[in-house]
Amino acid sequence: MEKLSIVKIGGNIIEDANALDNFLQLFSKLEGKKVLVHGGGKRATSVAAKLGIESKMVNGRRITDADTLEVITMVYGGLVNKNIVAKLQGLNIDAIGLTGADINSITSDKRPVKDVDFGFVGDVKTVSGKSIDKLIKADFTPVFCAITHDGNGQLLNTNADTITSQVAVGMSHLYDVSIYYCFELNGVLEDINDKNSVIKHIDTKLYAELLEKGIIADGMLPKLENCFDALNNGVHSINMGNTAMLTQENDNFTTITL
């Protein structure tokens with residue numbers, strides 16, 4: 001099967017103009033077919049504040065009321081997405097910016113109210129691998145923002161890590177898929193206070209041990225849960241680290257396999 005790389009970048013890279021430019025240079029040189037997924041939460045919070053809209057968070061997750069959804073749609077789907085697409089065109093990558101509503105690529109269910117009403121937040125239900133593959137086969141590079149839809153006209157704010165893993169699963173019957181989660185750390189760390197304590201390879205057995213020791217906790221916990229869900233559903237390998245892992249010269253990052 002042909003290789004497909006799905007790369008996710010978060011808010012810290014997006015907020016730093018130099019870091020974003022450096023990342024996009026590396027992404028443009030990544031060989032083979034590829035998809036980019038981005039967040040943009042920090043920019044959304046900043047724009048919401050300028051508009052007098054308070055950003056409410058619970059356990060690091062955004063409450064998305066109607067006003068916040070408007071801001072997120074403008075920021076993720078417009079400002080951030082089109083800025084990235086324009087920069088990629090400048091690097092000779094024929095990128096196309098998408099939400100999950102475009103070509104009906106990603107549908108979600110509105111998250112049910114349990115302890116917290118998250119509002120217009122979606123949990124991914126379906127990924128149309130065939131539709132996304134039409135773009136890839138036409139030599140376009142899809143750039144997904146963190147917005148999906150419910151199939152009935154409603155846009156939904158959706159976690160970008162989850163979009164990444166679910167798109168990867170959706171493409172795994174068509175390609176040999178690898179995921180790259182790019183963030184500010186060098187990888188999964190054995191000691192959170194030592195940025196050089198990278199665990200270079202995690203498999204199912206070591207993952208269980210790290211959970212038991214409490215080394216994987218807090219914000220890293222849902223990331224790793226997403227990873228093993230994707231691996232158990234057809235994804236080949238997952239890599240976590242800073243943007244330098246996209247270069248051949250760097251091997252100081254975490255690779256996750258079954």
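Is aspartate 176 buried or exposed? In this predicted model, aspartate 176 counts as buried, at 18% relative accessibility. The cut-off for buried is under 20%. Its salt-bridge partner is lysine 3, with the closest N and O atoms 3.2 Å apart. The pair links distant parts of the chain: lysine 3 sits in strand 1 and aspartate 176 in strand 11, 173 residues apart. Lysine 3 is exposed, with a relative accessible area of 56%.

Eight strands form an open sheet with mixed pairing, in the order 5-8-2-1-11-13-14-12. Strand 5 and strand 12 are the edges, and each pairs on one side only. Strand 2 and strand 8 run parallel and are joined by two bridges. Leucine 36 stands opposite valine 143 in strand 8. Helix 5 packs on the sheet, touching strands 1, 2, 5 and 8. The direction of helix 5 makes about 130 degrees with that of strand 8. Helix 8 also packs on the sheet, and its direction makes about 160 degrees with that of strand 13.

Aspartate 133 is at 8% relative accessibility, whereas lysine 137 is exposed at 59%. The two form a salt bridge, with the closest N and O atoms 2.7 Å apart. They are four residues apart in helix 5, so about one helical turn separates them. Just after the helix, aspartate 139 takes a positive phi of about 70 degrees.

The structure holds eleven salt bridges. Lys8, Asp161 and Lys223 are linked in a network of them.

Conventions:
Residues numbered from 1 in each chain as written. Predicted model: local features only at pLDDT ≥ 70, side-chain atom pairs only at ≥ 80, totals over all residues. Heavy atoms only, no water. Pairing = 2+ DSSP bridges. Contact = heavy atoms within 4.5 Å. Axes fitted to C-alpha atoms, helices over the stretch in contact; angles between N-to-C directions. Salt bridge = Lys/Arg side-chain N within 4 Å of Asp/Glu carboxyl O. Buried < 20%, exposed > 50% of the residue type's maximum accessible area, 1.4 Å probe, protein only.
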